[in-house]
Amino acid sequence: MPKLSTRLQRFRKGSPLSFRLLAWILLFSSAFTLIASGIQIYTDYRKDLSQIDNRMNVVEAGYSSSLARSLWALDQKLLHTQMEGILSLPDIVHLRLRIEPDSELVMGDIPRGAQTRSHSFRLVHMGDEMFELGELTVTANLERVYEEMEHKVGIILATQFLKTFFVSILIIWIFQHFVTRHLSTMADYARDFSLSNLSRPLELDRPRTPSNERDELGRVTDAINQMRERLNDDVVRQERDAAEIRKFSKAIEQSPSSVLICDRQWRVEFANHKFTQLTGYNASSIIGKHPGALSENDLENRESRHLWQSIRLQVQRVGVWQGEVNSIRKNGERFWEQLIVTPIKDSGSETTGYLILGEDISIRKRYEQQLLRQANYDILTGLPNRMLALDRLKLALAQARRENTQVGVMFLDLDNFKHINDTLGHDAGDNLLVEAARRISSCLRGTSTVARLGGDEFLVILPGLTGPDDSSQVAERILKTFSPPYVLNSQEVFITTSIGIAVFPVDSDNSGTLLQHADAAMYQAKHKGKSAYAHFAPEMTEVSHERLQMESRLRRAIELEELELYYQPIVHTDSGNLVAVEALLRWNNPTMGMVMPDRFIPLAEETGLIIPIGEWVLEEACKTAVEWKEISGRNIGIAVNVSPRQFRDPRFTDAVMRALDNSGLEAEQLELEITERLILDNSIETAEILRLLDREGIRLSVDDFGTGYSALSYLKSYPFDTLKIDKSFVQDVMKEPEDASLVRAIINMAHSLGLRVIAEGVEDESQTHFLKAEGCDFSQGYFYSRPLPAAEFEAWIKTNQRVQI
């Protein structure tokens, strides 16, 4: 009776394990049922749809000829009869007959909101010639299919759910009876288990048959009872071991790191949990072993024993040993460990054992190695940096002096690398540098060195040369390996490099001058057309000096007021009325004279001077536009070119708004001309900057359209107002049909996107007639006016009064 009440009490409390098992059985059974039912229902549904499609194909095969004959004979009665026959077919609810040229016959109704399926076929008459008489569209109602599918879903789900539920209940009852009730008994026994009741064994409510004793529950019961007996024996030994346990406890408590305790023969007696974490060795597996022989690898043990022999002698001689050791974990992984080894002495100063404290210093060593590598190697490419390269160059020169050989120094600069950064982003630029470093390295032998000096500049040191042709052969190999395209952001890009070569001792006998001469030769290679190499010649120093002078003078150009803006009108193509003006930068240096932008703008881009120069241009152009309004009483828009590097400056939008605020120019009177290659970047930052400028009312224009990559797919993504056709296409529109077709296509494409078009480089009247005929909105070029200084342009405005307000 007590057992029965206990069972009822447990059943009322419930078995969490049984309930979880029931939940999982129901979950997976339901999932399997749903999947199987869904597959069956979907198969039946597709079969019904296939039958309807076949019925429509039968209609086409059986009625197309007869309907065509009725139409050809104009037999309306027969036509109605045939269509009624089609409409009587199952699921067919609507027929629409389109009769050439513009008649239509409709029969049947499509229920409102019904799901339908349609099939159309042409009706033709085949005589001496084929005549298309019309087209019949047959529409079938899918309501019957859906009703049958819903009926099947209800029946299948209900029957499967009931079957799954009752089977699950049966399984749970069996599991409860044979397993979980005994587990509950074990849990209650373990909960009440203590040293005070070791005499009561664990017994389960089931027959003691051989099969029951061999199963898992019987084995667990025996294991628990054996543990009870061992604990009973251990109680007797507890007091005897108490003193030794206190010794171990003190050692562990006093150690902030991993702890090993060895006896006088250096056999491990104890290892704490920290040691197991640090090395991976289980404490019980190393008891009795020498600390230098923990591994199963004999070679590792020999190396470790040699170290521990030195440690043992040092401890015996000095009394302590401390140092850094490259230890090995159980899994074979090496790590750096700081060890302190001291003897454990008794009250009589006799050594009874040894205490070994360890601390993992791998992170510290890794940082030390990382700092050492960062000091000597480039982080991105893994190549030696400038400092290490100069050291190797000095060593190569010293060796060449001893062996009477030559050393080649090659200075490499990637052509148009900044264009890649501006177009595809810095991540693509980094990937390009890594691949370029790999290609350069693949062209060199083992004794040579390739280093990254910074940016897109590389240095190659070629020791042991016997003649100048050796360095030329290496340069040719490098140029050849740059021929295949680079794949950046899933796009093929062709990049070349320019190489300058200087040779020791022919060109110089010291490293600093060799580098300067190689740099000068590299610029000469770029002037030759890029993707080339050049050997140093004495006259190259003058070119390098001239470039350095130009950079120095350009840095002071704004301060000395040497920069000035020229202005060229933009007119309405139809009327010739002035609508806006483009501001063009010029540099009037007292020494070099008038310097055109194509000479100093690339240098300004390279050095970053384009940012302050661009801000000055914005301020000056906006201020001048306001002055023209005060003089003429009319609004004259001003267009300003924006370089990619200027555009990506974080302060660019602030500079634009500051120029408008300082000058008082209305935002819609300012137009910023963005180069085509800039919008190909298609980055989130580019889009946000363009949309911010557009929200402020500033007009945006695509400059030199068609000269770079195709940007058609990006025009619709950005808020541009105007598209400028490059003058290289406009100048030959009257001579080259291809250019005329291209200009015509650009105009039509731009208008379809809601963009206005400006044609640059208009130089004769025939071009204006062509552009006017093709609907080009605005024109700009020498035909109207050359770029003029501000004072001369004011005079031009006064003599050309047709200003579009």
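Is Asp 360 buried or exposed, or does it fall in between? Asp 360 is partly exposed, with a relative accessible area of 34%. This value, like those that follow, comes from a predicted model.

The mean pLDDT of the protein is 83, and 91% of its residues reach 70 or more. Confidence is lowest in helix H1 (residues 2-13), where the mean is 47. It is highest in strand S25 (residues 778-779), at 96.

Asp 360 leads on to the charged side chains. Its side chain meets that of Arg 329 in a salt bridge, with 3.6 Å from N to O. Arg 329 lies in the loop between strand S7 (321-328) and strand S8 (334-345), while Asp 360 belongs to strand S9 (residues 351-360), so the pair ties together parts that are 31 residues apart in sequence. Arg 329 has a relative accessible area of 15% and is buried, because buried means under 20%. Asp 360, at 34%, is partly exposed.

The structure holds 24 salt bridges in total. Another of them joins the side chains of Asp 53 and Arg 117, at 2.8 Å from N to O. Here Asp 53 sits in helix H2 (residues 16-73) and Arg 117 in strand S3 (residues 116-126), so this pair links parts that are 64 residues apart in sequence. Both ends are partly exposed: Asp 53 has a relative accessible area of 24%, and Arg 117 has 27%.

A further salt bridge, at 2.5 Å from N to O, is formed by the side chains of Glu 100 and Arg 98. Glu 100 counts as partly exposed at 34% relative accessibility, and Arg 98 is partly exposed at 28%. Elsewhere, salt bridges that share partners join Glu 582, Glu 673, Lys 724 and Glu 760 into one network.

The next feature is a sheet. Strands of a sheet pair through backbone hydrogen bonds, either parallel or antiparallel. In this structure, an open sheet of five strands runs in the order S11-S12-S10-S15-S16, with mixed pairing. Its edge strands are S11 (449-454) and S16 (533-535), each of which pairs on one side only. From one strand to the next, the twist averages 20°. Thr 449 has Ile 461, in S12, as its bridge partner. Helix H14 (residues 468-481) packs on the sheet and touches strand S10 (406-414), S12, strand S15 (497-504) and S16. The direction of H14 makes about 165° with that of S15.

The largest nonpolar core has 75 residues. The residues with the most contacts inside this core are Ile 638, Leu 670, Leu 672, Phe 720, Leu 723 and Ile 725. Helix H18 (residues 610-632) supplies the largest share of the core, ten residues.

A second, separate core has 32 residues, including Ala 428, Phe 458, Leu 479 and Ile 501.

Technical notes:
Residues numbered from 1 in each chain as written. Predicted model: local features only at pLDDT ≥ 70, side-chain atom pairs only at ≥ 80, totals over all residues. Heavy atoms only, no water. Salt bridge = Lys/Arg side-chain N within 4 Å of Asp/Glu carboxyl O. Helix = DSSP H or I, 4+ residues; strand = E, 2+ residues; numbered from the N terminus. Buried < 20%, exposed > 50% of the residue type's maximum accessible area, 1.4 Å probe, protein only. Pairing = 2+ DSSP bridges. Axes fitted to C-alpha atoms, helices over the stretch in contact; angles between N-to-C directions. Contact = heavy atoms within 4.5 Å. Core = buried A, V, L, I, M, F, W, Y, C linked by side-chain atoms within 4.5 Å. pLDDT = per-residue confidence, 0-100.
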